[in-house]
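User: I have a model open and want to learn to read its features. Can you take me through some of them?

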Amino acid sequence: MLRGLEFDIAHLFSSSVLILSFGLLYQRRLFGVLQIYALQALAVACAAAWQAYAQAYPQLYVTAAIALVFKAIVIPVAFHHIVLRLHIHREIETVVGVNMTLLFGVALVALSILLVLPMTTTSGNLTRENLALALSVLLLGLLMMISRRNAVSQVIGFLSLENGLILAAIGVKGMPFVVEMSVAFSVLVAFIVFGMFFFRIRERFDTLDVHYLEAFRGERH
Amino acid sequence: MSPLAVILGLPLLGAAVLALLPWHRASARLNMLASLATLAAALSLFVVPVEANLFFFIDDFNIYLVVLTSFVSFTTAWFSASYIDHEVAIGRFTPAALRFYHAMYQLLMFAMLVALTANNIGLMWVAIETATLTTVLMVSLYRTRESLEAAWKYFILGSVGIALALFGTILIYFAAQPTVGEGIDALAWETLLAAAPRLDPNVLNLAFVFLLVGYGTKVGLAPLHAWLPDAHAEGPTPISAVLSGLLLNVALYAVLRFKMLLAANGAAIAPGRLLIAMGSSSLLLAGFMLYRRRDIKRFFAYSSIEHMGISAFAFGVGGPLANFAGLLHMALHSLTKSAIFFAVGHVAQAAGTQKIAEISGLTRSHPWLGWGLVLGVVAIAGLPPLGLFMSEFLLLTAVMGRDPWLAVPLVVGLGVAFGALAMRTHGIAFGEPGRETRPLTASLVPMYLHFGLVFLAGVWLPGPLVGWFQAVAALLGG
């Protein structure tokens, strides 16, 4: 079990992931969103590496490396190219106002703390609080997906939701490696598939605004 | 070699070979052959016992679903062969798309069979994710605006569902780890079920909520069903048959496994109310939505939401009788709905359209096909003597015994859906044939084979099947 300084450092990394989630909700420019996402992935990588050290569980270093290489570098760079090629580096429209979204985000964090903290009295403090933070990141990712209309920022919302999942998985002691590997793998697969979608959607619609696509629903003919 | 290795190995091998094979007729035959061989291996499970290991196992619950899945996979491959011939002839499929289609078909079967036989909740999650990704790619196969939008919507909602399910899976491990210890053991079904009474009920509750919402999205339970009608309507029809007949069942199977865990724990919340709420809202919503459908595939997709709602409702009511009814309903709906989609695929090809208003008089222009569709609708509406009547009747009996008030949403939902089915089918099947009908050279054997089985289940259930259902119904709890 972690004590003292180790505990505080683990907390620091997890909390910075959460704060960057709020950053994502607030940021309205696409490039800004990509940069914050890269930072968040970096924070997740640090959290994973720290847990690997603190729990003496070396497999987590691999998770950290995957988070660092794929999520903090490859994915943001690739999205940067997509955004440039599609000429959509203008401001993001949001459905709900940014302030309302942020307030709602705070409420979600409070909700997850209320859900997780009282129920897991048997487990160590760190795991418990880490889980509450991870759940908050997950819910904020979901909120971002709902509140944005632009497909790129929706995808980033989904990816930050997955950051929350990794945060949860590394915090639980001795989580078998299968699951972490699969999370990392699914990010890769999801990215490829998303990428394919983008190009096809771009070919057909010349816009990534999902709201616009709704008009083509089969039922409204 | 264990039959399990064959069951899982064949589809994987099939996918690899089909990805390389350029001739579409040969691919369609090979697709059928691979599915038939998988079915034979699945049937051998009845006689050859399989040793459980850390990753795979066979028990009373998954054995019938494995056989059902490989059976429907074979008949759908059969249907798909004639369906594709027509699509190639009218130029909707390119050779490259076909190669991709066949490889993805076998990969989907592989993923579903892994999900069903997995003894490990992490592995099951990976398998369901793979199944989702393959179906997303297949829904987008026609590359029309509608199909891309449908695939996109399915992908976004499916991914969110899957992410939430993974969080639930992590929470289950979190609950198990203090009791079972660290490592792979704490993810194995058998270990978890044995240790269930000693797990922290609060963590289990939270985990189940995430798992229900996550996998429930894949089941198509209201209010998480938005992807389902679009995905069914815009992809190739064999995929609609497999989605409705198999993938929805696999997702419901996952939810039920976790329900068993809660039932074995005792101190956790009774998940029944959640399932009843979601089940009855799916049933009612889909029942009313059926009236406004204009697209024939979308119409039957809503009917799938309705029937998954009925199954979820049955497991929510709980107890030996209702659980039995739910298990039977899952199996029979799978057979009936895939057969209906076979019929619908041929209907859409014969009439040259999916719009209900433009299809009429099928029993006159294509008697075998038209009457087949009528038979399917009679079955899906739950009329005797076909099998779904029996499962719905059993459910109603169980509900009346437990809490008669709960019968109200059930009866209303069934009645509303019946009205819509009767109204729409009347126009499609009877009256003057449409202005433009094409002759059809398709094989209708798979469809009538399914209806034959559904009829058989309505009048007689084999002993071993009843035994499995009873054993599983007891494990599923109240």
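Predicted model: local features only at pLDDT ≥ 70, side-chain atom pairs only at ≥ 80, totals over all residues.

User: What pLDDT does chain A average?

Analyst: pLDDT is the predictor's confidence in each residue, from 0 to 100. Chain A averages 77, and 71% of its residues score at least 70. Residues 202-208 of chain A fall below 50; beyond near neighbours in sequence, that stretch has 20 contacts in the model. A contact means heavy atoms within 4.5 Å. Residues 214-221 of chain A are also below 50, with 21 such contacts.

User: How many helices and strands does chain A have?

Analyst: Helices (H or I, at least four residues) and strands (E, at least two) are DSSP runs, numbered from the N terminus. Chain A has eight helices and zero strands. Among its contacts between residues at least 6 apart in sequence, 75% join residues at least 24 apart.

User: Is helix α6 of chain B mostly covered or exposed?

Analyst: Buried means under 20% relative accessible area, exposed over 50%, partly exposed in between (1.4 Å probe, protein chains only). α6(B) is mostly covered, with 30 of its 36 residues buried. Expected span is 1.5 Å times one less than the number of residues. Helix α6 of chain B, residues 145-180, reaches 50 Å from first C-alpha to last, close to the 52 Å expected. B:G181 follows α6(B), with a positive phi near 100 degrees.

User: Which side chain of opposite charge is nearest to B:D295?

Analyst: Lys and Arg count as positive, Asp and Glu as negative; His and chain ends are not counted. A salt bridge needs a side-chain nitrogen of Lys or Arg within 4 Å of a carboxyl oxygen of Asp or Glu. B:D295 is buried yet has no salt bridge; B:R298 is the nearest opposite charge, 4.7 Å away. B:D295 sits in the loop between α11 (272-289) and α12 (296-317) of chain B. The backbone nitrogen of B:K297 lies 2.9 Å from a polar atom of the B:D295 side chain.

User: Where does B:L107 lie?

Analyst: B:L107 is in helix α4 (residues 95-117) of chain B. B:L107 is partly exposed, at 23% relative accessible area. Not counting residues up to four places away in sequence, B:L107 touches B:L12, B:A15 and B:T134.

Methods
Residues numbered from 1 in each chain as written. Chains lettered and ligands numbered in written order. Heavy atoms only, no water. Polar contact = N/O pair within 3.5 Å; in protein donor to acceptor, adjacent residues only side chain to side chain.
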